[in-house]
Amino acid sequence: MALLSLSNAHLAFGHVPLLDGAGFSLEAGERVALIGRNGAGKSSLLKVLAGTEKLDDGLLQAQQNVRRFYVPQEPDFPAGATVFDVVSEGVAEAKALRARYEAHEPGDDLDAIQTRIEALDGWNWERRVDETLQRLHLDPTAVVDALSGGTKKRVALAQALAAHPDVLLLDEPTNHLDLDAIVWLQTLLNEWTGALLLISHDRAFIDAVATRIVELDRGTLRSYPGHFTAYEATKARELEDEALANARADKLLAQEEVWVRKGVEARRTRSVGRVQRLQALREQRARRRDSLGQVRLEVDSGAPSGKIVAELRDVSQRFGDRTLIDHFSATILRGDKVGLVGPNGSGKTTLLKLILGELEPTQGTVRRGSNLQVAYFDQMRAGLNLDATLVDTISPGSEWVEIGGQRKHVKSYLTDFLFSPERANSPVRTLSGGERNRVQLARLFALPANVLVLDEPTNDLDIDTLELLEELLQSYSGTVFLVSHDRRFVDNVVTSTIAWEGDAQPGLWREYEGGIEDWLQQRDRSRAVVAAAAAAAPASAPSPAAGGTAAAKPAAATRKLSYKEQRELDALPAKIEALETEQKKLGEQLADPDIYTRETHQKVAELQARYAAIDDELLSALERWEQLGAR
């Protein structure tokens, strides 16, 4: 039996139904990703499943005594509470029952209370909280109000994990988390033994965690087994089939409408059956909810900047005893798409201010280009006036915006971002998080700018809009600085990555060609070479007791490859090529959605395990190749 199941569910806010006869079930051990357009009703559905909101109609069933825990998109904690206090709220029932058992007032059924405490593992709730805090590297004495957004997200997750529910419900868990924290969360959720339902628009995160994709589309829930890549291929085919079926239905309806209007003149009697069919076609067309339109993105790139946007030479930035940037050099040219990657607090904003002239370095020089027109996208949406209307936010004091030399009415411009004319005079505070991000993008793209600075633009945006934003930035002729922890988005947009590597040396930043995946491969490869060289150094060093001439000969001898090692070195390129070919074939098999219905679950798991194992074999072969080649 499913842990949670939804049957013929109906839910509406206003005139548009969010759930229209939807059905859903969540089995034990499943990890399901819930996706869909902004405003489709994903968060409302999660609250219904958590039991905090009610359906207008339909049935929600849950197994007896099933424990659910809901982590909202923006966790809300009591003012002044410590981390320990907040996390221990996850075991509130166990705390209350144990206190009641220890007080044992007259009339209490101690046997029933004891049974429930044991079911909740409530005798040692303090130990469970302490273990969870240690696992998530949280200070139990810290005051939650003073924590960053990413750390507050960790606290909310700790509260959920301490509760150890049967069903974990997460709304946008990667928002405000840096790259390392997202990888940590992936590992945590993959080790999670309970059922999981999460809302996310981070495609790489979904691919790494989810075993099933559920899409909320026009009030209906559709299930797609497998990873996000398989969903994309299946969904594209479904949309093509739906468009073809709708076109045929519309053509038939138009023909019948023509017939019924000509029927009076052409004949005295009409076919009753044909008239009834026409009425049925009209009702079917009225009930149909067409797919929502696509956001249409255009950006005014303004006048071109100089060829060099910024040239940094041996730049350092210190605040007191803390070094954020240490001896960094780079040249940013017009048209570059640069990604900045690093944990929260590492200095990404400081580095951007140095590049754009808002801050002068404590050491080194920064030469900036001419005619720079900069437009900012702020992840905290601090620039939005919540009481202003959409029209005033986009074009204050005017009914027109100018994009690429062409004038456009502001209401028409707003429809490009999926805001109807009726909503143009609505205040910003009435919008959802994703809609506010769309408004901010609309305002940003209406400004003439040749340098775009995007600070976490992907938060709350649906996947369709993300893909369109990718295409826009790829074709944008100006310069882009992108701060984002959405790996797929960064990889699809940037041409180079400036990455923080302060774990090796305080304030160390390096520039790499390509996106995040390219940076990780290059970094790991260079670290492996350094480690191999360090391991080989003691073996080739001269013995202190030996003379200089005598020691030089053994050292030279150790650098020469043996016959067996030379054979191994010669065979490595072919081995690497064979592994890459095998991995490519496996990737194509796993990307085919039919494999999840054609093959058994065990067979698919074996293919996925082999695909992951090849990564390790490739890395080992590349490290061995570099080690032998260096000798």
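**Exercise 1. Identify the elements against which the buried residues of helix H14 pack, and then examine the burial and span of helix H14.**

Solution. The buried residues of H14 pack against strand E14 (374-377), helix H12 (390-394), strand E15 (400-403), helix H13 (410-415), strand E17 (451-455) and helix H15 (463-475). Here contact means heavy atoms within 4.5 Å, and helices (H or I, at least four residues) and strands (E, at least two) are DSSP runs numbered from the N terminus.

The model is predicted: local features need pLDDT of at least 70, side-chain atom pairs count only at pLDDT 80 or more, and totals for chains, interfaces and linings use all residues. Residues are numbered from 1 along each chain as its sequence is written, and side-chain values use heavy atoms, with hydrogens and water left out.

Next, consider burial (buried: under 20% relative accessible area; exposed: over 50%; partly exposed: in between; 1.4 Å probe, protein chains only). In H14, 11 of the 13 residues are buried, among them Gly434, Arg436, Leu441 and Phe445.

**Exercise 2. Locate Asn65 and classify its exposure.**

Solution. Asn65 lies in the loop between strand E4 (57-62) and strand E5 (68-71). Its phi is positive, about 65°, although Asn65 is not a glycine. Asn65 counts as exposed because its relative accessibility is 55%.
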